Amino acid sequence: MTKPVTAAANPAWVHVLPPGEVFSPASGGSLGTVAAELTREHARHGGATVIVAERGPEHVPSGVRLVPYDSPGETLGERERREDDAAAARGERRAHYAGFVRPALEALPAGFAGPVVLHNAVAAVPELRRLRPRARICLYLHADMFRSFPPAERARVVADADLVVCVSRFVAERFLDGTGLPLPAVAVVHNGHDPDRFHPARRPAGRVPVVLFTGRLAPEKGPMALVNACVELARAGVGLRLRVVGNAELSASSAPDRFERQVKHRASLLGDRVEFSPFVDRDAIGEVYRQADVLCVPSLCEDASPLVLTEGLASGLACLASARGGVPEVGRDAVRYFDYRRPGDLARQLGRLVGEAPLRAELGRRAVRRGRELTWESRYRLLWSRLAEPSR
């Protein structure tokens with residue numbers, strides 16, 4: 001039986017992680033990372049945090065109180081999703097999803113009146129409002145994955161929540177599309193970085209440039225496209241080294257999957273010019289950036305606000321990324337962009353960066369300036385200023 005947060009604990013705020021998300025520096029999941037960084041900033045400002053997360057051995061709740069809830073079991077089946085969709089279209093609650101998230105929401109005390117941050121749990125907003133009517137609800141959206149919800153339902157969620165946060169304008173516009181609501185109906189808070197971990201380093205002049213890919217090794221993140229570009233450049237005699245840090249599950253204990261093996265097989269054409277490293281946790285990843293010269297974020301998907309890009313900017317790297325999703329608004333003019341629709345453009349742009357030290361240096365200077373604007377402290381202050389506004 002899950003032990004609820006007692007009213008006497010009086011937490012300043014609560015973060016609710018959906019099933020499957022882990023609160024630990026040994027996990028690279030974006031939701032857990034954002035929750036951890038905001039928790040750290042909240043502590044610096046004298047606040048307390050409670051993390052509500054699915055019960056499991058992976059959590060490392062250093063400095064916070066962890067309230068585990070029992071797993072709701074398997075995710076909803078196709079029939080349950082269809083029935084929930086039909087109910088939502090009629091303006092009714094999603095009964096199946098309500099049962100799915102209830103164990104997490106019931107971990108809060110009945111009279112709780114503080115801020116509750118729901119990460120990526122759109123359909124949990126009305127259920128939390130029903131179960132804990134005094135809570136101050138903040139829905140935190142990390143991705144563009146909710147447009148299948150009818151516009152009327154999304155508009156009701158915005159009305160039910162005290163605050164809706166989107167990690168980029170891109171996500172905000174997609175979420176509000178069709179609702180008739182203006183962009184200021186939500187808050188845009190880009191992801192940030194910790195300057196104690198991510199900061200520039202002096203890079204030796206004249207060395208072969210090191211190109212870094214870090215993150216999840218999944219097709220949509222584009223690691224194969226980067227490997228192919230590096231192979232093309234190496235065959236043309238361009239000097240570079242490629243370092244790939246991460247794996248499919250963003251956990252040091254996960255085994256390589258089929259796609260990771262395919263990437264490594266293709267990269268073997270680079271010989272000793274490529275290095276693969278397993279996942280590196282949040283406490284050590286800063287040094288990985290400082291050992292590189294170029295960061296490549298070759299996403300083939302509409303990335304909302306990549307943490308790796310923010311961290312690369314803060315580390316003073318020359319950054320190359322696909323102009324998709326929220327990436328251009330995060331990087332602005334501090335990033336060089338390639339057109340993923342044009343064959344060979346990634347290799348052309350990367351070739352310029354590794355071949356022109358002055359260009360890398362200029363992009364590095366721009367990166368540092370942009371990085372100063374995206375610290376977690378500034379993200380926290382922006383978020384907390386909105387949470388402190390009077391309830392609607």
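## A walk through the model

Start with helices α7 and α12, which cross in a right-handed sense. Of the residues that form the α7–α12 contact, eight are nonpolar, one is polar and one is charged. What you have open is a predicted model, so keep the confidence colouring to hand for later.

Select residues 223-235 for α7 and 345-355 for α12: the two axes lie 9 Å apart, at an angle of about 60°. How do α7 and α12 sit relative to each other? They are oblique, because only angles from 65 to 115 degrees count as roughly perpendicular and those under 35 as roughly parallel. Now show side chains. From α7 you want Ala 225, Leu 226, Ala 229, Cys 230, Glu 232 and Leu 233, and across from them Leu 346, Ala 347, Leu 350 and Gly 351 of α12.

Bring up α3 (95-105) and α4, residues 124-131; their axes come within 10 Å and cross at roughly 55°. That angle makes α3 oblique to α4. The crossing of α3 over α4 is right-handed. On the α3 side, pick Tyr 97, Ala 98, Val 101, Arg 102 and Leu 105; on the α4 side, Ala 124, Glu 127, Leu 128, Arg 130 and Leu 131. Sort the residues of this contact by type and you get seven nonpolar, three charged and no polar ones.

Stay here and step back to Arg 94, in the loop that runs between α2 (78-89) and α3. Is Arg 94 buried or exposed? Buried: its relative accessibility is 10%, and the cut-off for that label is under 20%. Leaving aside residues up to four places away in sequence, Arg 94 touches Asp 84, Asp 85, Ala 88, Ala 123, Phe 149, Pro 150 and Glu 153.

Now for Asn 120, in the loop between β4 (115-119) and α4. Check its backbone: phi is positive, about 55°, though the residue is not a glycine. Asn 120 also counts as buried, at 16% relative accessibility.

For another positive phi, jump to Arg 332, where the value is near 50° and the residue is again something other than glycine. You'll find Arg 332 in the loop between α11 (327-331) and β13 (335-338). Arg 332 is partly exposed, with 47% relative accessibility.

Over to a strand: select 274-277 for β10 and centre on Phe 276. At 26% relative accessible area, Phe 276 is partly exposed.

Then try Gly 63, in the loop between β2 (49-54) and β3 (65-69). Gly 63 is exposed, with a relative accessible area of 81%. Arg 40 is 23 residues away from Gly 63 in sequence, and their C-alpha atoms are 8.3 Å apart.

Finish with the confidence colouring. The average pLDDT is 90, and 94% of the residues score at least 70. Where does it fall below 50? Over residues 5-10, a stretch that still has ten contacts in the model beyond near neighbours in sequence. Where pLDDT is low, predicted coordinates should not be read in detail.

Notes. Residues numbered from 1 in each chain as written. Predicted model: local features only at pLDDT ≥ 70, side-chain atom pairs only at ≥ 80, totals over all residues. Heavy atoms only, no water. Helix = DSSP H or I, 4+ residues; strand = E, 2+ residues; numbered from the N terminus. Buried < 20%, exposed > 50% of the residue type's maximum accessible area, 1.4 Å probe, protein only. Contact = heavy atoms within 4.5 Å. pLDDT = per-residue confidence, 0-100. Axes fitted to C-alpha atoms, helices over the stretch in contact; angles between N-to-C directions. Parallel < 35°, antiparallel > 145°, perpendicular 65-115°, else oblique. Left-handed = near helix turned anticlockwise from the far one by under 90°. Nonpolar A, V, L, I, M, F, W, Y, C, P; charged D, E, K, R; others polar.
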